[in-house]
Structures are given as C-alpha cells and as structure tokens.
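Hi everyone, thanks for coming. Let me put the sequence and the model up on the screen, and then we'll walk through a few parts together.

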Amino acid sequence: MILSSPRHGRNGCRAYMDKCLQTVFRKIYRDNQKLILNYSSGTSPSVIRAANHLMSHPSTSRGVISNKKFITKCNSSSLVVFGHFRTFDKSYRVMMDILNAMDVKNKSYIFLTDASLRLPFDKKIKVICRAISQALVKYDCVICSVGELYLATNEFKKCVSKNKNTSMVIYHNPPELYFKYPRALPAIHQIDRHSFAIMDTNPIIKQQLHLDFIYGEPSFDPDNVLTIWKNAVRTILRYFSLPIKTQSSLRVLTCNDFRAMQTYIDRVALADQTDILDHIARQESFYIPSEKCVYLGSTRLSDLAEEAAHMIKYLCGVGKKDEIDFKKNFYGLVLHEALGFLGSKIIVPTRKAPMKKDIADARRVLTNVPSAKISKTDWLKLIHVLGYGLGEALYRDIRHKRISKKEIKKLFYIDFNDEILAKRTYDQWNQRVYS
Ligand SMILES: [Zn+2]
C-alpha cells in the first residue's frame, strides 16, 4: 500500500489542524484588522512569551546528535516516522535530505503518508498505525509521514511496541522543545531512545506562516530573506527611479535568527535594548542604522516591503529620527508610514488598506480627544491608520496617472522630521488625494 503525498493537499490532518489553529489565529487576525481599536493586541501573549523566552535564555542544549549519527539510526530502524509542518518548505527539505541519505539497497521499503486520508486526526492516526503494523509484516522498513506528529506520539509508541523488532525514529517538534533548546537551531535532538526532533523553525515563524497561509497573505521564506529583501529594495528604487546605492553589508534577520539578533542587541545602549526587545515581542520590524541591520518581525511579504521602503527613505538621507515626539511630529510620522505603505503596495498590490471608517474614526479622535489623553499605543494606531490610508490613496492615484512617480520621488528627499514642513506636506497631499 502506497499512499502518495500531494505536497500541499488540503485535506485530512491538515484540515483538522487548520480548524484548531484557526480558532486561535482568527482572533489574532481580527485584532490585526481593527487597527484603531486594537492595534497592539495583534500579537498573542504566547508569541510574546515565546519571543522573550527565546531571546533571554542561554543555550540549554543537550542531547544534540550529528546528522551522520541520526542517519545511521534511521538506517538501522525498521520504522521511521516523520512529523512535519505543511505550511513551510523547510520541513520538506529536511525530510527529503534524510530520505536521500538512507541506505535503500539492502532493504525493502514502503513509504506511507497521511495526506490523502480525509479523517479527523485521531481516527487517521489509528488507520495509519494499522497500516504500519500490516506493512511491517511484509517490508523491512516502513517510512511514514504524519502531520502534527507530536499530537500522536503515544499512539505510535503503542503501535510500534507491538512489534518487538521495531525501532522508531520520530521527527516532530512540539513548541516546548524550542523553549528547551532555544539556541540550537537547526539541530537534531534525541528526546528518548526512539524519538528525535529536528529543530528547523521556531514556533513563532510557524505560527506566522500558518496565519499567512490561512488568510492568503503572501509570506516570504525566512531562509531566503536576504535575496527577497534585496529584490524588494531594487523594485521600489526602480519604480521611483531613485538613484540610491544599496548597502552591500546589510544584514537582514528574522525571528528565526534570534541568536544573531542577540549579538546586535548586546552592542547597542541599554536603553535601546529594552526598546528593541519590545519591538520584537510585538512582532514589529525595525532597522538599526549603526549596525546596518534590519530585523523583520513577521513573515508577511508586505511587512518586509514596507520596511524596505522605510530604509530607502533613510538612505535618501532623511530617515525617521530615533527620539520621536508623537504629538509634535505627528504628521511627519504619518508621512513616513504613507511612503512605507506605498512601497509595500508596489511589491504586494493586494495588501489591504484601512477602511474609510477607520480613517474617519482616527480623524475624529485627533480632533476630539485632548492629545495628553492619547496613549503611546493610540498614537501609533493613529499614525498607522492615517499613514496607510494616505499611502493607499497615493498608490491609487499613481496607477490612475493623477500623480506622477516623479512627485513621489521628491517626497523621499523631504525631511519629515521638520515638523512645519511635514505638516505642510501632509496637508498638501491629503487635500490632493482626498478631494
Ligand atoms: Zn511602517
């Protein structure tokens, strides 16, 4: 019996997991959408906890084994069970590497996969366990691929223990393991005699990719982030014919690179360190000019592109200053976000802008609420809603040839830190795109 595995089959175990995860993620997503009311609650507490944990704990890694040893173990096992995370390619690559390295000459093999089983997860595991028992009678080695394997470890242990000659290798990575071995990515960890975990992607990235996947947001592969970043920068520069040289020594990191990130954090002033950790916990992106380092807090391509546009503004000589008075330079910050959003639309034209109602709400808050009563979080909400709204309108007008790219090019060279100039520029453009 061979069940073939369509790489992105949308059924069975995946549907089950989707359903479970959707409940959690729908809330996060809903919060993200309500920019005005809930801008900062878009990050789930578990993600914040995970980020803090991954950042603050020294390596506790024990039980790491070499690839070679792991392959030997695979070769001497009669049952090899993989768990994998379907929304991310890296798991597949790891699995394929292992399969390629296995000694197929002297054994009869069978490969089982759950992708075409349209069953709830618990039933599916039972079916697979039965299939394994049957296959083990006929074949020397059974390789089985199951989705969220860590949900079913016990079932497999039971199934395997029935066959005395069988040893088992498991590839699974429950989130707890990442907290236990935070600094050891990627590596193979021996959990117990028969279980192994390949640590390739941390749970934050997994969550993000899953969220992107469910809601059809284009995401980028964190493994190739530098190439994707460079392409985005180049595309935006070309779009506006900006004669800016890109930085060759720039490093682009994601929350998959906590270890490298820690090195940069250690180098900046203590006050900035807390600020940076705050950003990371809120899954925000930022640029550290002194370190020539970009950190991307999410896996959304639109976020990457927005950060690229922010950096381009900086390279034009007039980037956002560090100490910002939200109230004093409100419109300068709005303009920064408008250009950021506009840049991201060039890379991801489908990116959604704030709704008219959100923009109207933001304006109402600005006119009716005394600025001393607006919290930092609310200032950020207001800046982003108005900035993104303006960015969307600019993009629309460029597309309809009502605004020339040359005019926008000039905006990149205006110093938005100059409050009076920023206010005047904002009023001008605001009137133009909304009239
Ligand atoms: Zn931004």
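Let me start with a term: I call a residue buried if 20 or more other C-beta atoms lie within 10 Å of its own, exposed if 12 or fewer, and partly exposed in between, with the C-beta atoms placed from the backbone. Helices (H or I, at least four residues) and strands (E, at least two) are DSSP runs, numbered from the N terminus. Please keep in mind that this is a predicted model, where local features need pLDDT of at least 70 and side-chain atom pairs count only at pLDDT 80 or more, while totals for chains, interfaces and linings use all residues. Residues are numbered from 1 along each chain as its sequence is written.

First, the overview. The protein has 18 helices and 10 strands, and buried residues make up 38% of its 435 residues. Take contacts, meaning pairs whose C-beta atoms, placed from the backbone, lie within 7 Å. Among those between residues at least 6 apart in sequence, 78% join residues at least 24 apart.

Now to strand 4, residues 141-146. How many of its residues are buried? Six of six. In a regular strand the side chains alternate between the two faces of the sheet. Here Cys 141, Ile 143 and Ser 145 are buried on one side, and Val 142, Cys 144 and Val 146 are buried on the other.

What about its neighbours? Strands count as paired if DSSP finds at least two bridges between them. Strand 2 (residues 79-83) pairs with strand 4 in the parallel sense over five bridges, and Gly 83 has Val 146 as its bridge partner. Strand 3 (residues 109-113) also runs parallel to strand 4, joined to it by five bridges; there, Ile 110 is partnered with Val 142.

On to helix 15, residues 356-368. Its 13 residues reach 18 Å from first C-alpha to last, close to the 18 Å expected at 1.5 Å a residue; that expected span is 1.5 Å times one less than the number of residues. Asp 358, Ile 359 and Ala 362 are its buried residues.

Last stop: Lys 126, in helix 6 (residues 121-138). Lys 126 is partly exposed, with 13 other C-beta atoms within 10 Å.

Key
Contact = placed C-beta atoms within 7 Å.
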